[in-house]
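Dear colleague,

Please find below the structure that I am handing over to you. My findings follow directly after it.

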Amino acid sequence: MNNLEKIDSDSNIIENPWELLREYTDARIGLGRTGVSIPTSHSLAFQLAHAQAQDAVHLPLDIEHILEQLTSNNLNQEIFPPVVLHSQAINRTTYLQRPDLGRKLNNDSSEILKSLNLNKNEPYDLAIIIVDGLSSLAIKENAVNFIEKLISALNEDNHNWNISPFTIVQQGRVAIGDEIAELLKAKTSLVLIGERPGLSSPDSLGLYLTWNPKSGLTDASRNCISNVRSDGLSYEEAVKKTMYLLKESRRLELSGVNLKDRTTSNIIENNQNEENFLIK
């Protein structure tokens, strides 16, 4: 037995000193052991987390709940209410097996967007697109809460942000936002999507921002903010990052790998001074 380990006399569990670090992380460390196995309680907790992650992937998006939330939070746009769309993946099984179909709207959805009588002489500044992704639970728990705080920040900003009708997409992937924003004639798209569930985060929301969105773009054209949830990145911090990226994207007319998030720490840039330190 390691000298740092000790036996819990009440349960015969050999404790691990790394257990103290679990206060700072959701990672499964310092679980201790009973014989050559981990304690039963931790084994059951792992199985529960695994089941929750699986459920998050297969749980259908509750469209009515999202629409009700948007309405009750005074986020429902009066002229054009939220538009419900669907990808080319006809069901969840197809969605999981054919990621490419989740990146494109089906014909009915494309026609819905084309037929909207938007009467806009100028393009929208921003399209906010809600997509179920790999965790509809993340959308249910976080999407409207985040949108509420984002809209408040946009309203307080000096620039008058012209926002397109909200869209809600079933069986969608990140790239489907490019096609939607292009049809809506939006300068920037912000996709809110359920991220792939982890064993400690089945409800993680991801945000993807794209300048000049159009079909065929790759992830290099997008900025990502991930792990937005109550036990992850707070809504306030997520809004702060989003507002910075939105304003910089508009100012520089770009997004993706060329747009850096400078909201949390100093970023070390390439030193433009070409001098060799060895001969100073």
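Helix H2 (residues 63-72) lies across E3, strand E4 (124-131) and strand E5 (167-170), and runs at about 165° to E5. Helix H6 (residues 176-184) also packs on the sheet, where it touches E3, E4, E5, strand E6 (186-194), E7 and E8, and its direction makes about 140° with that of E4. Contact here means heavy atoms within 4.5 Å. Angles run from 0 to 180 degrees between N-to-C directions, with axes fitted as lines to C-alpha atoms, for helices over the stretch in contact. Helices (H or I, at least four residues) and strands (E, at least two) are DSSP runs, numbered from the N terminus.

Please note that this is a predicted model, in which local features need pLDDT of at least 70 and side-chain atom pairs count only at pLDDT 80 or more, while totals for chains, interfaces and linings use all residues. Residues are numbered from 1 along each chain as its sequence is written, and side-chain values use heavy atoms, with hydrogens and water left out.

The sheet

The sheet is open and has six strands in the order E3-E5-E4-E6-E7-E8, with mixed pairing; two strands pair if DSSP finds at least two bridges between them. Strand E3 (83-86) and strand E8 (222-228) stand at the edges with a single partner strand each, so one side of each has no neighbour in the sheet. On average, neighbouring strands are turned by 20° against each other, direction ignored. Strand E7 (residues 205-211) runs antiparallel to E8 and is joined to it by five bridges, and Leu209 stands opposite Asn223 in E8.

A residue of helix H2

Ile66 belongs to helix H2 and counts as buried at 0% relative accessibility. Buried means under 20% relative accessible area, exposed over 50%, and partly exposed in between (1.4 Å probe, protein chains only). Leaving aside neighbours within four places in sequence, Ile66 is in contact with Leu61, Ile130, Ile139, Lys140, Val144 and Ile168.

Salt bridges

The structure holds 11 salt bridges, a salt bridge being a side-chain nitrogen of Lys or Arg within 4 Å of a carboxyl oxygen of Asp or Glu. One of them joins the side chains of Arg92 and Asp132 (3.8 Å, N to O). This pair links distant parts of the chain, with Arg92 in helix H3 (residues 92-97) and Asp132 in the loop between E4 and helix H5 (136-156), 40 residues apart. Arg92 is buried at 13% relative accessible area, and Asp132 is buried at 4%.

Asp125 forms a salt bridge with Lys187, their closest N and O atoms being 3.9 Å apart. Asp125 lies in strand E4 and Lys187 in strand E6, so the pair ties together parts 62 residues apart in sequence. Asp125 counts as buried at 10% relative accessibility, whereas Lys187 is partly exposed at 36%.

Arg222 forms a salt bridge with Asp219, with the closest N and O atoms 2.5 Å apart. Arg222 counts as buried at 8% relative accessibility, whereas Asp219 is exposed at 57%. Salt bridges that share partners join Asp178, Asp219 and Arg222 into one network.

The chain as a whole

The secondary structure comes to seven helices and eight strands. Of the 280 residues of the chain, 43% count as buried. Among contacts between residues at least 6 apart in sequence, 66% join residues at least 24 apart.

Yours sincerely
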